[in-house]
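Here are some notes on the side-chain contacts, written for a colleague who is new to this model. Please read them with the structure open.

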Amino acid sequence: MPEVPHLAVWERAANEPQATVICVHGGLDRGGSFARMARRMDHYRVIAYDRRGYQQSRNRQPLSLDGHAEDLRAVVDAVASDMPTLVFGHSYGGVVALRSAETGASFDALVTYEPPLPWLGPRTGSFGELNPDPEAEAEAFFRRMVSNSAWNRMSTAEQASRRSDGPALHNDLSTIRSDTAAVNWTTVTTPWTYGHGDAADRVEYYESIATRLRRDVPAITTTKVAHAGHGAHLSNPEAMVRLIDYRLEQL
């Protein structure tokens, strides 16, 4: 198990791994949410972690985007080997991965799924006004992005745990609304697959971003995933693994 200061990291080992896959979660999520993907990746060494400020890494202060990018670089360095390393970033985790690549983290391939890139075009929905109470924002965000029924099915302890991630979520949402989150994507030379779903409620937004990225990033492939919404790492894990397989096969 790799040890990285300030981070709770877990690993799913493989007998004869072909590559290392590092999974980076989005807002109000956790490393454990990649378990469904990991169970389908017995041909890879899979690493996931709770970003600082979330869950088992909550005892540390939430970070800026640059801070999260540095944490990812530390994870990449800790698991370095002769095998290729791919970073899979879901939602805001994809923005973290892009900033880490932009600032020189050394990994061989990148797959992002629906990272919010508001500097490339207007977006509505989850970019409304932030509640000044981080715990209230965490509950509202979960209800908005997952569902009211899913929130209501959670135990009181689990609801409290999600609310406790509110400060970290607040940092993520504040950052993505500011110019400091803008990644100079034209400098990203790491082979990159940008995935988005066709069942999301912002399909046109993600398609417009894919078009822009294909124009500006020579190293990119864009893929629309059938029958997938924003939480595809949970609802469509096989499709996410196929994105990873394809990206690694192209190296």
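1. A search of the whole structure finds 3 aromatic pairs, a pair being rings of Phe, Tyr or Trp (its six-membered ring) with centres within 6.5 Å, where planes under 30 degrees apart are stacked, over 60 edge-to-face and the rest tilted. The rings of Phe 34 and Phe 88 have centres 6.0 Å apart and planes at 90 degrees, so this pair is edge-to-face. Phe 34 sits in the loop between β2 (20-24) and α1 (35-38) and Phe 88 in strand β4 (residues 85-90), 54 residues apart; helices (H or I, at least four residues) and strands (E, at least two) are DSSP runs, numbered from the N terminus.

2. This is a predicted model, in which local features need pLDDT of at least 70 and side-chain atom pairs count only at pLDDT 80 or more, while totals for chains, interfaces and linings use all residues. Residues are numbered from 1 along each chain as its sequence is written, and side-chain values use heavy atoms, with hydrogens and water left out.

3. The count of salt bridges comes to 16, each being a side-chain nitrogen of Lys or Arg within 4 Å of a carboxyl oxygen of Asp or Glu. One of them joins Arg 45 and Glu 11 (2.8 Å, N to O), linking strand β3 (residues 45-50) with strand β1 (residues 8-12).

4. Another salt bridge joins Asp 172 and Arg 51 (2.8 Å, N to O). Asp 172 lies in helix α7 (residues 166-176) and Arg 51 in the loop between β3 and α2 (65-78), so the pair ties together parts that are 121 residues apart in sequence.
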